[in-house]
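Here's a quick tour of a model, from a helix to a sheet and on to a chain-chain contact. Have the viewer open as you read.

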Amino acid sequence: MNALVLAAAVLAAPAVTHGSGGVTTIVQADAAAPLVHVDYVVRAGLDRQLLTQNGIAALTAESLLRSPVNGVPLQDAVAAAGGSISFVVDPSDVRFEIEALPEDASRVFGLVHTAFSAPVFDPATVKAARDKLITRIAENQQVALQVGIDMLNSTLASSANAGLPQYGIPASLIQLGPGDVHAFFSTYYVQGGSFVSAVGRVDALSGGALDDLAGMLPAGSTQPVAVNLPKLEGTSRHLVAERNITSPWLIAQYPAPAITSKDFGPMLVLSAFMQRTLSDMVEMPGVISPTFASNAIGAVYQFQGAEPNLVLYVNGGIGDPQRSFLTALSIASILSSTKLEGSIDDFKTMAEGDFLTNASSLESRAWLAVLYEENGGEADYVTRTMDAISQTTAADLQRVARSYLGNPTIALVLPREDS
Amino acid sequence: MRAGPLTAAALAVLLAPLAASAAAMSSSGSLPHGGVYTMTEDPTVPSAAVDLWFRAPSDGYDGSSQGISRFAATAAAATTLSGGRSLVALIRSVGGSLAIDVYPDMVGVSADVPASAARRVVAAMSSAYFAPAITDDGLKIARTDLAVLSAQQRYYADDLVHNALFAQLFTSGPAHVAAIPDDLGPIKSITLEAANAFAKRAFRSANATFTLAGNVDPALLDAVTEGSPGAPDQPVVSPVAADPQSKTIDAAVPGQGVAWTGPPISDERAATAMDFVADYLFREGTGVITKTIDPTSDNYLDGQFITLRNPGVMLVSIGGSGSSAIEAQVVSAVEGMRKPLDPAAFAAAREAFLYHLASDSQTPDEQAANLGWYAVEGNPSYAPSSGDSAYWKAARSLDPDYVASVVKKYLTHPVEVHLITETTKDTAS
């Protein structure tokens, strides 16, 4: 056990309770935090949508945020009470992120409870939600990396609906009305499989507040809607899109292991190594400050969700994109084909540091605990990750590189000719 | 948020206090060999922020070396220490990150590292700065670093607008010139001797505040082995223009901005009222003016009150094809704030403001930067990160009439700058 693992061991593990309705409650008390943060995760994500309902998961979540409480949309009422509420739609669930000042926590969570217990999906509320989503979609379309990752995710998903874009598309959203939202909410907003993950000043919540949240939806459980489409036949693994951007982006996606896999630790080490190597490759030698170039190339291990993957990306604005990209791909190829000599301890230390320094915000602590609890039934994300990295050997690294880094799917996001 | 590195970092520091928390463990005191520290402990997080903050003029002690503070701070971080590695190499090797932030009157060196590496980083940071011995290699890296930053800065409208507005508001001193020069001439002429001389004076322990946050404890400071007792430098002063003028400037990118001088940091309630106004009007996503900007357009706005010793500055930078209309809207909205807000709207806005303050400073790196900024600006007890901070008392005491009176007192005569490019000129003619 190295020094970092030792340090992690003294952190208190999250406290996990499994409720009778299938709700899992996770608590990480932090008396020094300035806020109380709760992730409320409901099994009402993309894989509960029919293909003809593209966007209904997001439309329902956004409508909930706008559902009036005492005549004021929930999110405005929460803001005026000293908190915030937002959501993320994932392939299998929708995650509401709720925060409050400690002294306002009871009020804020009371508002959330009221709205979720009896939401109002009238035409005006749903229209406002739809308008907001259409704006968000337009914003996302300007982010080339997001466009590329969305395209790649759609090809990776084993169920076609789980690969749909987070917010849907405008053409399908305009077909969806209050009746659809009400039906989706009634069917999928149930307790079974949900999580309440609280971090920070949990002591500020009134007794039973988390239980109230856990029980605010009806009992029941749901299953994903299986939508299996025949795979497209063909040899090309290239996807191309054009957007109003100034420089091309090249993005490669490789399948990657899940948190529960024995390959999880080695892939974390591999991705940390690739991230550092790619940054070093494009930066001027020795430059200390983060620059445009350091944000223009990188590797991201997306270990959440049913289809974990590793993404390499290059923004062509840093020069010859093809050269940078081929170099990035060649790093993956070399790792999988060349015997690694020497110690990998430095890579492991980097991977540990990368993980730990990204696990300090309330938001990431709440979400990581859920992710690890649902993948392996153990929410102690710090200890599990440090153990996984610590046990990684050079042979593991090479095996994982060989197993996963062979045949990427590549997305090219190009500037439109007139942009 | 659409902001260049300088303004983004400043915003994080300025709008980032912590809610008072009875259980947050805060402490402060003297370093073993001169200088002071302040820290906030949170044993439940796995990382630590280790910062060093110094009071130092960005253009040198005689005002003739624009950029020298950034140059020397970077060179010190890049110079190989007795352990065989530079500070930056050590931090990267443990999976952490290093940031150097330079303002007209101060330098901040910030490390975000896993908690188990904090002791080694404290030792290396104190060695690199309290006993600087910058080498040719360190100097070379600093030159490259500044060349890259300088080139980038030419294309960041926010930074250009910020620098241009400060040049109009202050007649001389470091606030009058950019902390990173556009022209690399001054940097090229800095010798190894000059860099070391500046570093030895500016970065001496007596002039330093170590700020630590996250999974840290006072025992870490035993790792500080360098330094010597003494007094810190006096605040760095930049004279304020009596009648600042608006200006149009040639630049590589278009943009515009507007600024007002505001209350000093010592007027805690008034400075907090300015933060409230900036939050209410300009905060990303929730600001009254920000919300009117179509997020799918090329228009953007970044507004903040910069808390400084004297005076503070309310600064708004604007860009995009509709920037002139947005600027008119900004000025009009600020004028509108001279009238007290409706009590119910004010109460909701103040509650939202308090939440934003806490939300923006929940991670160790944000907390350490917050502590450092307020210490160097001369009012550490106003640092919002302190458990019983004066900041929070001031924020909770705000009322509509008082905020309106502060707006009336300070936000009356805005200074404007416009960046115009060759293309803009061609279109205009």
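## A helix tucked inside

Helix α10 of chain A is largely enclosed by the rest of the structure, because 14 of its 19 residues are buried, where buried means under 20% relative accessible area, exposed over 50%, and partly exposed in between (1.4 Å probe, protein chains only). Helices here are DSSP runs of H or I with at least four residues, strands are E runs of at least two, and both are numbered from the N terminus. α10(A) covers residues 264-282, and its end C-alpha atoms sit 27 Å apart, which agrees with the 27 Å it should span at 1.5 Å a residue; that expected span is 1.5 Å times one less than the number of residues.

A word on provenance: this is a predicted model, so local features need pLDDT of at least 70 and side-chain atom pairs count only at pLDDT 80 or more, while totals for chains, interfaces and linings use all residues. Residues are numbered from 1 along each chain as its sequence is written, chains are lettered from A and ligands numbered from 1 in the order written, and side-chain values use heavy atoms, leaving out hydrogens and water.

Now for the sheet. Chain A has an open, mixed sheet of six strands, ordered β1-β2-β8-β3-β7-β6, with pairing called when DSSP finds at least two bridges between two strands. From one strand to the next, the twist averages 15°. Inside the sheet, β2 (residues 24-29) and β8 (residues 195-200) of chain A run parallel, joined by six bridges; A:Q28, for one, has A:V199 as its bridge partner in β8(A).

Contact means heavy atoms within 4.5 Å, and angles run from 0 to 180 degrees between N-to-C directions of axes fitted to C-alpha atoms, for helices over the stretch in contact.

| Helix | Lies across | Angle |
|---|---|---|
| α2(A), residues 56-66 | β6(A) and β7(A) | about 170° to β6(A) |
| α14(A), residues 362-374 | β1(A), β2(A), β3(A), β7(A) and β8(A) | about 140° to β8(A) |

Finally, the chains meet. Chain A puts 49 residues into the contact and chain B 52 residues. Together they bury about 3,800 Å², 60% of it on carbon and sulfur atoms, counting the accessible area (1.4 Å probe) that two parts lose on being put together, summed over both. Between the two chains the count is one salt bridge, meaning a side-chain nitrogen of Lys or Arg within 4 Å of a carboxyl oxygen of Asp or Glu. A:E103 and B:R396 meet in a salt bridge at 2.5 Å, N to O.
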